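Please open the model in your viewer and keep the sequence beside it.

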Amino acid sequence: MPDKCCVPNWTSNYPSKGGYVPVFRFPNEEKLRQAWIRKIPRKHWQPSKWAVVCIHHFHEQDVIKVEKYKDSSGERKERPIDRLKLVTGALPTIFPHLAAYLSTPETKKRRDPEERRARQTEAHAEKEKGFLEKDIIKDFSTFTDNVSGKSQ
């Protein structure tokens with residue numbers, strides 16, 4: 001029998017709801033564990049060692065569903081993982097059946113630095129190419145006309 005989510009008014013993994021929903025145990029690191037407890041709206045409650053929070057309370061960007069790696073040739077690849085994981089420091093922040101102020105909006109995911117660098121290099125190359133196309137001096141007379149302010 002799968003573990004049931006400890007968030008109030010939520011029924012993940014109950015027999016009547018059908019289907020398994022991935023769950024995550026409370027972290028062992030004390031600061032992060034206390035942050036999870038503060039986020040989950042239950043008064044005077046301490047989670048047991050079996051307490052879990054289901055995937056529905058985490059933003060998509062906080063859940064790791066694929067493993068990224070480089071193969072022997074250096075090519076980047078991805079493969080799905082069997083057991084989902086959370087990114088370091090992820091907090092449960094989605095509580096749709098509770099007061100709206102308890103949920104935290106999703107933040108933009110930071111792009112991969114290598115991807116950003118490649119995109120910036122490409123944009124710079126395009127700008128440089130455009131500049132060089134405009135800056136070509138075909139002959140000396142064209143150059144003197146441009147310097148003196150005459151147009152062709």
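**First stop: a histidine in a loop**

Select His57, which lies in the loop between β2 (52-54) and β3. The model is a predicted one, in which local features need pLDDT of at least 70 and side-chain atom pairs count only at pLDDT 80 or more, while totals for chains, interfaces and linings use all residues. Residues are numbered from 1 along each chain as its sequence is written, and side-chain values use heavy atoms, with hydrogens and water left out.

Is His57 buried or exposed? His57 is buried, since its relative accessible area is 0%. Buried means under 20% relative accessible area, exposed means over 50%, and partly exposed lies in between (1.4 Å probe, protein chains only). Now display Ile94 as well: the side chain of His57 reaches the backbone oxygen of Ile94 at 2.6 Å.

**The overall fold**

Next, switch to a cartoon view. The protein contains three helices and four strands, and along the sequence they follow the pattern β-α-β-β-β-α-α. Helices (H or I, at least four residues) and strands (E, at least two) are DSSP runs, numbered from the N terminus. Of the 152 residues in the protein, 24% are buried.

Move to His44, in the loop between α1 (30-39) and β2. His44 is exposed, with a relative accessible area of 85%. Its phi is positive, at about 50 degrees, although His44 is not a glycine.

**Salt bridges**

How many salt bridges does the structure hold? There are six. A salt bridge is a side-chain nitrogen of Lys or Arg within 4 Å of a carboxyl oxygen of Asp or Glu. Three of them can be visited in turn, as follows.

- Select Glu60 and Lys65, whose side chains meet in a salt bridge (2.8 Å, N to O). Glu60 is exposed, because its relative accessibility is 53%; Lys65, at 37%, is partly exposed.
- Select Arg79 and Glu67, which form a salt bridge with their closest N and O atoms 2.8 Å apart. This pair links distant parts of the chain: Arg79 belongs to strand β4 (residues 76-86) and Glu67 to strand β3 (residues 63-70), twelve residues apart. Arg79 is partly exposed at 39% relative accessible area, and Glu67 is partly exposed at 35%.
- Select Glu114 and Arg76, a salt bridge in which the closest N and O atoms are 3.2 Å apart. Here too distant parts of the chain are linked, with Glu114 in helix α2 (residues 113-134) and Arg76 in strand β4, 38 residues apart. Glu114 counts as partly exposed at 40% relative accessibility, and Arg76 is partly exposed at 47%.

**Between strand residues**

Ile64 is partly exposed, because its relative accessibility is 30%.

**Last stop: a charged patch**

Finally, show the surface and select Arg110, Arg111, Arg116 and Arg117, which gather in a patch of positive charge. Arg117 is found in helix α2. Patches are made of residues with over 30% relative accessible area and no salt bridge; like charges are joined within 9 Å, and nonpolar side chains (Val, Leu, Ile, Met, Phe, Trp, Tyr) within 5 Å.

Note on methods. Accessible areas come from the Shrake-Rupley method with a 1.4 Å probe; for residues, only the protein chains shown count as cover. Lys and Arg count as positive and Asp and Glu as negative; His and the chain ends are not counted. The place of a charge is taken as NZ of Lys, CZ of Arg, CG of Asp or CD of Glu. A polar contact is a pair of N or O atoms within 3.5 Å; within protein, one must be able to donate a hydrogen and the other to accept it, and residues adjacent in sequence count only if both atoms are side-chain atoms.
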